[in-house]
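Keep the sequence and the model at hand as you go.

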Amino acid sequence: MKKFTVFSLFFFLSGFMLAACQREQGVHASNDRDPYQPRPAPTALNNKANHDLKGELVRVDMTGKTIAIRVANGMVQTLKFDDSTMVSGLANQPQTNTPKSTSISNTAVRNLVGKEGSELTVQWKDENGAKIATNIDVTQISTAKSTRHA
């Protein structure tokens, strides 16, 4: 008889535990009866909005109109530039003599060639999924020929 009582008590309690664990309703905040709805994921910002990117200049590709920047977490970000891209922070630096065989008229970005390793802050905008650099600010200039390759 004692075994039957323990056995039935065990099944009776486990049935209550299963019933208590079932949730047919969502999470409620205070006395609200509306289930909790998480905030939607942030949508892409307006295409005209500028974003900032800080890092180290890795390379400048004048033929492909791209610059590569290594950001703080070690990833290399590649941005495109166009003729309207402005470069600041190179006022007292010697200008780079690059071959002018290419038809690129952006001499400001051309002056970044040979300054790999320099610290940059780049403002960019998103145009159809491509990152276009609008303003490049050189915060610390490096003329070292070799940069770290991690």
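**Exercise 1: a charge and a ring**

Find what lies over the face of Trp124. Solution: Lys131 does, at 5.0 Å from the ring centre. Here, a charge sits over a ring if NZ of Lys or CZ of Arg is within 6 Å of the ring centre and within 35 degrees of the ring normal.

Before going on, note that this is a predicted model, where local features need pLDDT of at least 70, side-chain atom pairs count only at pLDDT 80 or more, and totals for chains, interfaces and linings use all residues. Residues are numbered from 1 along each chain as its sequence is written, and side-chain values use heavy atoms, with hydrogens and water left out.

**Exercise 2: aromatic pairs**

How many aromatic pairs does a search of the whole structure find? Solution, step by step:

- Start with the rule: rings of Phe, Tyr and Trp (its six-membered ring) pair if their centres lie within 6.5 Å; planes under 30 degrees apart count as stacked, over 60 as edge-to-face and the rest as tilted.
- The search of the whole structure gives two pairs.
- Phe7 and Phe11 have ring centres 4.6 Å apart and planes at 80°, so this pair is edge-to-face.
- Phe10 and Phe11 also form an edge-to-face pair, with 5.6 Å centre to centre and 70° between the planes.
- Together, ring pairs link Phe7, Phe10 and Phe11 into a cluster.

**Exercise 3: exposure**

Is Phe10 buried or exposed? Solution: Phe10 counts as exposed, at 55% relative accessibility. Phe11, at 48%, is partly exposed. The classes are buried under 20% relative accessible area, exposed over 50%, and partly exposed in between (1.4 Å probe, protein chains only).
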